[in-house]
Amino acid sequence: MTLKQLADYGTPFQRKVIGALMTDQKFVVNVRDVIKLEYFNSQAHKWIVQRILDYFDAFHTVPTLEVLQIEFKKIDNDVLKVAVREELKHSYEVSTDDLQFVKEEFLAFCRNQEMKNAILESADKLKQEDYEGIRALIEKALKAGQEKDAGLNYKKDVEARYRDDYRPTIPTPWQTLSDLFSGGFGPGDLFLIFGSPGGGKSWLCINIAAEAAKLGYNVFYYTLELSEKYVSRRIDAAMTGYCVDDLREHRAEVDKMVEELPGNIIIKEYAPKSATISTIKAHVQQCIEDGIRPDLIIIDYIDYLKPCLLYTSPSPRDT
């Protein structure tokens, strides 16, 4: 069940819908045949949605911020221009916490509107005993908003495949590595660090975490070998440049460094082979609910995670 009007969901919800339309091509593909401008009660929202849909129809992908900025300059209504500027800013900055819910709810809302309109139009056809027409309306409404992503169309999606997608990155402490990683660690990236015992794998992770925190990012550091306190002292050493054994003599500098640190590091210890990936996910979710969202997750080290066993049917010999 969905609400009767999009306005009933509130402005933040509509901003998240527009944010998804500006960044998620698959979402636009699925809602293109059911979205209507009259669903939005703000003229600024209608203007933005219309530009997104026009661009998508022409180039089969979502517009870049630069494209919207050019279209924005063409607005000759000063009041609308101010409103559009604010809505574009808010839509690009919306939280992604519940974005999947917003997309699914908006799609369900649009589909329900299509069904309602089909039923209303069927009333006139019923008087005319146009049953085939009624059937066509209902079938069209049932198909509206269904999954339509058939993949990348080689002939049509030229613009999409040559666009440099925005990829925010967290730099490593070493410029050479950052260059090799196209700027650093990006969203969804997975990096595995290999090395012999005592080769410095943990220290490498420590320095990556310290650098990210210096730059203002939140790091979740899961240690399955060293204690939380020892990992934190190693991070102090990486931050200050002093040896771990000499940190007590420079406690004042450590305290000042921690106080001025732009980011943060959450260090969580698990005994070897006691935690699974599900354990890690549960802890991350708990921290998000407490208001701390990770920008970078480090697991030191993954071999000490408890494997998740998949159930398999017993063979005849087992029975």
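**A walk through the predicted model**

A compact globule of 319 residues would have a radius of gyration near 20 Å, whereas this protein has 26 Å. That radius is taken over C-alpha atoms, and the globule rule is 2.2 Å times the number of residues to the power 0.38. Along the principal axes, the C-alpha atoms fill a box of roughly 90 × 75 × 40 Å.

This is a predicted model, in which local features need pLDDT of at least 70, side-chain atom pairs count only at pLDDT 80 or more, and totals for chains, interfaces and linings use all residues. Residues are numbered from 1 along each chain as its sequence is written, and side-chain values use heavy atoms, with hydrogens and water left out.

Confidence comes next. The average pLDDT (the predictor's confidence in each residue, from 0 to 100) is 87 for the protein. A score of at least 70 is reached by 91% of the residues. Residues 310–319 are another matter: pLDDT stays under 50 there. For that stretch the model has 1 contact (heavy atoms within 4.5 Å) beyond four places in sequence.

Now the fold. The protein has 13 helices and 3 strands. These are DSSP runs, numbered from the N terminus: helices are H or I with at least four residues, strands are E with at least two. Take the contacts with a separation of 6 or more: residues 24 or more positions apart account for 67% of them. Of the 319 residues, 34% are buried. Buried means under 20% relative accessible area, exposed over 50%, and partly exposed in between, with a 1.4 Å probe and protein chains only.

The surface follows. The protein exposes about 20,300 Å², an area from the Shrake-Rupley method with a 1.4 Å probe, where for residues only the protein chains shown count as cover. Carbon and sulfur atoms supply 52% of that area. There are 41 positive and 50 negative charges, and their mean positions are 3 Å apart. Lys and Arg count as positive, Asp and Glu as negative; His and the chain ends are not counted. Each charge is placed at NZ of Lys, CZ of Arg, CG of Asp or CD of Glu.

Start the local tour at Asp 78, in helix 5 (residues 78–93). Asp 78 counts as exposed because its relative accessibility is 61%. Phe 191 is 113 residues away along the chain, and its C-alpha atom is separated from that of Asp 78 by 48 Å.

Next, backbone geometry. Most residues other than glycine have a negative phi, and most peptide bonds are trans. Glu 129 has a positive phi near 55° and is not a glycine. It sits in the loop between helix 6 (99–127) and helix 7 (131–143). With a relative accessible area of 57%, Glu 129 is exposed. Lys 273, also not a glycine, has a positive phi of about 65°. Its loop lies between strand 2 (264–269) and helix 13 (277–289). Lys 273 is at 46% relative accessibility, so it counts as partly exposed. The peptide bond from Asp 300 to Tyr 301 is cis, with omega near -5°. Tyr 301 falls in the segment after strand 3 (296–300).

End at Tyr 217, in the loop between helix 10 (201–214) and strand 1 (218–223). Its relative accessible area is 24%, so Tyr 217 is partly exposed. Leaving aside neighbours within four places in sequence, Tyr 217 touches Thr 169, Ile 170, Ala 212, Gly 263, Asn 264 and Asp 295. Leu 305 is 88 residues from Tyr 217 in sequence and 25 Å from it in space, C-alpha to C-alpha.
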